[in-house]
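Subject: Structure handover and notes

Dear colleague,

I am passing on the structure we spoke about, together with my notes on it. Please look through the sequence and coordinates before reading on.

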Amino acid sequence: MQGETISCKAAVAWGAGKPLSIETVEVAPPKAGEVRIKILATGVCHTDAFTLSGDDPEGIFPSILGHEGGGIVESVGEGVTSVSVGDHVIPLYTPECGECKFCKSGKTNLCGKIRETQGKGLMPDGTTRFSKDGETLYHYMGTSTFSEYTVLPEISLAKVNKEAPLEEVCLLGCGVTTGMGAVLNTAKVEEGATVAVFGLGGIGLSAIIGAQMAKAGRIIAIDINEDKFELARQLGATDVVNPKNYDKPIQEVIVDLTDGGVDYSFECIGNVDVMRSALECCHKGWGESVIIGVAGAGQEISTRPFQLVTGRVWRGTAFGGVKGRSELPGIVEQYLNGEIPLKTFITHKMPLQDINEAFDLMHEGKSIRSVVLF
Ligand code: NAD
Ligand code: AHE
Ligand code: ZN
Ligand code: ZN
């Protein structure tokens, strides 16, 4: 049943480079095909910081950021059939409509149905559900989880087991699913393979979990912040490398360490120079490098075409290739079966009013994931 407009707290991004501001905002009821949810917890991903910094070509202000949440359905719009009030859900920035060219291709998780309006901070009908004293606030990544209440299209929700604590499985809404999925779905790493992971934040550490699940023979973890090494080892890294400790390019260091290069590498930073290193540390003839990190407006990758001519493969992944509605509920079950150590990722918890601390901790390299509890 459709409700009334709700007034609630949200962290509003008024402009690039400004801290988020906790405001009372209005959240309109869901229209046809839409669902309003009460957010219980949200992680803070580097992509939120990337957009807030002003580097995101799709960044729109004022908006409500956040895309790694967990919540409970509060009300549903006309025609919604797949979720009902009280269901536990994870918002999906990569929806799954099941009927568009992309969904039907069987080749990608990138659904095309609402991508255009989503990128403009709008709901599929071209309007927004958020406002503040009559001023429009834009949606972000179709999710806007930095708000007590948010509205999403039905196709952007994965219904999950109510036994799963939302303050942990919210991390499956982006970081952990992305890193694991990049290894298991995008690269399809085989048993015994040698893997290099560049960047040991929430994404890189999840890639290590994926590599461990794939039974990779060697997992080389690379970061310029050595505080990240202990957790990387705990999760399965066999080697840890700080590029700053060498006076030659990191790709040469890795090639020397691995008798010619790795089978698979993953860039989990968003640095185009490291993307090049990640490609060039791959083994001639078959090595594959997967770009996960998101780079700012105007930045481009480059390498000698000879790197590809001689058999290396460069690819990328969004949300780890995971189809959210059909596959995420199963990943939540894997978590419930003890296969995914989500608690390990939560280094900090805080109330919404302290959300800017989560960004500070990330920039200082002190957190893996901060989870905001509502
Ligand atoms: P994070 O800030 O938690 O981690 C980044 C890590 O990279 C840090 O440990 C940092 O010390 C390390 N680092 C920085 N510069 C480095 C360098 N030159 N060499 C080695 N290590 C370096 O970030 P995160 O939340 O894990 O996100 C990582 C990247 O993945 C971001 O660009 C984010 O936007 C992107 N991302 C992409 C997807 C996707 O679907 N493709 C999903 C989530 C996040
Ligand atoms: N808006 C940016 C690109 C940002 C981006 O690549 N986002 C990833 C998810 S990052 C999650 O932390 C993604 O899913 N991309 C696929 C898509 O369709 O957005 C830009 O450069 O314009
Ligand atoms: Zn993210
Ligand atoms: Zn689709």
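Predicted model: local features only at pLDDT ≥ 70, side-chain atom pairs only at ≥ 80, totals over all residues.

Residues are numbered from 1 along each chain as its sequence is written, and chains are lettered from A and ligands numbered from 1 in the order in which they are written.

Overall fold

Along the principal axes, the C-alpha trace spans about 65 × 40 × 40 Å. Of the 374 residues, 51% count as buried, where buried stands for 20 or more other C-beta atoms within 10 Å of the residue's own, exposed for 12 or fewer, and partly exposed for values in between, with C-beta atoms placed from the backbone.

Domains

The protein is divided into domain 1 (6–173 + 341–373) and domain 2 (178–318), with bounds that come from an automatic or database domain assignment. Their C-alpha centres lie 28 Å apart, and the contact between them takes 13 residues from domain 1 and 11 residues from domain 2 (two residues are in contact if their C-beta atoms, placed from the backbone, lie within 7 Å). On the domain 1 side, helix 1 and helix 12 (342–345) are the elements that give two or more residues, and the largest share, 3 residues, comes from helix 1.

Ligands

Ligand 1 is surrounded by 33 residues, of which His 46, Gly 199, Gly 201, Ile 203 and Gly 270 are the closest (a residue is near a molecule if its C-beta atom, placed from the backbone, lies within 6 Å of it). Both domain 1 and domain 2 give residues to this shell, so ligand 1 lies between them. Helix 1 (46–53), helix 5 (175–187) and helix 6 (202–213) each supply at least two residues of the shell.

Around ligand 2 there are 13 residues, and Thr 47, Pro 57, Glu 58, Val 294 and Ala 318 come nearest.

Two local sites

In helix 8 (residues 250–257), Ile 250, Gln 251, Val 253 and Ile 254 are buried. Seen down the helix axis, the buried residues fall within an arc of 160°, so they line one face of helix 8; the arc is that of the directions from the helix axis to the C-beta atoms. Their cover includes strand 10 (194–198), strand 11 (218–222), strand 12 (239–241) and helix 9 (272–280). Just after helix 8, Asp 259 takes a positive phi of about 55°.

Ile 301 is found in the loop between strand 14 (288–291) and helix 10 (305–309), and this residue is partly exposed, with 15 other C-beta atoms within 10 Å. Not counting residues up to four places away in sequence, Ile 301 touches Val 272, Met 275 and Arg 276.

With best regards

How values were computed: Helix = DSSP H or I, 4+ residues; strand = E, 2+ residues; numbered from the N terminus.
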